[in-house]
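The sequence and the model are shown below.

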Amino acid sequence: MKITFTGKQNSFPGYQIPAAEKKLGKFDRIFKDGATATVKATKKGNLESVEVTIVSMGTIYRSEKQAETVLIALDMAIDALERQIRKNKTKLEKRLREGAFERRAEDPVVEEEFEEQTGEIKFKTKTFAIKPMSPEEAVLQMDLLGHSFFVFENDKTGKMNVVYVRKDGDYGLIEQE
């Protein structure tokens, strides 16, 4: 797995990178397809925050944790990722058998991320490729990312849809006319 380290208001000291690579190395047995991992460290007050994002065959796994040190936060994020994968193991295995992870080579997963300041409102913009999938796959992807909504292209209709978590804990689907 290819690992990229980035820092904002904080960076990984050189002596911590080998330890972090060793900790992330345990995912090599799970992701055999040349997955990529991005580890972003930031300082939030007195705490260190670590966000780990793993992209494998079009599926994104993400966890963000805060602790006193970068390595403790990284351990917590890795544990959370393992729980996500274990929780969704049967769903992920089914998707693998159906070939739903297949992507076109020209579809990048994350192209760019930048922040833009306009007046009083601050925007954080992320650009990513949208692949056709079923609403069930979109719910799984949303759960893996830990988000409350997920935008996707419906594989049956070819239209943009949004799945979201309702206040009662169920899922909702918004379809384009």
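Predicted model: local features only at pLDDT ≥ 70, side-chain atom pairs only at ≥ 80, totals over all residues.

Strand 7 pairs with strand 8 (residues 149–154) in the parallel sense, over two bridges. Within this pairing, Pro132 has Glu153 in strand 8 as its bridge partner.

## The helix across this sheet

Another open sheet consists of four strands in the order 1-2-3-4, and its pairing is mixed. Strand 1 (2–8) and strand 4 (59–67) stand at the edges; because each has a single partner strand, one side of each is left without a neighbour in the sheet. On average, and with direction ignored, neighbouring strands of this sheet are turned by 15 degrees against each other.

Strand 1 and strand 2 run parallel and are joined by seven bridges. Phe5 is placed opposite Val39 in strand 2. As a general point, the strands of a sheet pair through backbone hydrogen bonds, and the pairing is either parallel or antiparallel.

## The helices across strands 1 to 4

Helix 1 lies across strand 1, strand 2 and strand 3 (47–56), and runs at about 130 degrees to strand 1. Helix 2, comprising residues 70–87, lies across strand 2, strand 3 and strand 4, and runs at about 140 degrees to strand 4.

Phe31 is located in the loop between helix 1 (17–24) and strand 2 (36–44). Is this residue, Phe31, buried or exposed? Phe31 counts as buried because its relative accessibility is 7%, and the limit for that class is under 20%.

When its neighbours within four places in sequence are left aside, Phe31 is in contact with Met1, Ile54, Ser56, Tyr61 and Ile85. A further relation concerns Met57, which is 26 residues from Phe31 along the chain. The C-alpha atoms of Phe31 and Met57 are separated by 9.0 Å.

Technical notes:
Residues numbered from 1 in each chain as written. Heavy atoms only, no water. Buried < 20%, exposed > 50% of the residue type's maximum accessible area, 1.4 Å probe, protein only. Contact = heavy atoms within 4.5 Å. Pairing = 2+ DSSP bridges. Axes fitted to C-alpha atoms, helices over the stretch in contact; angles between N-to-C directions.
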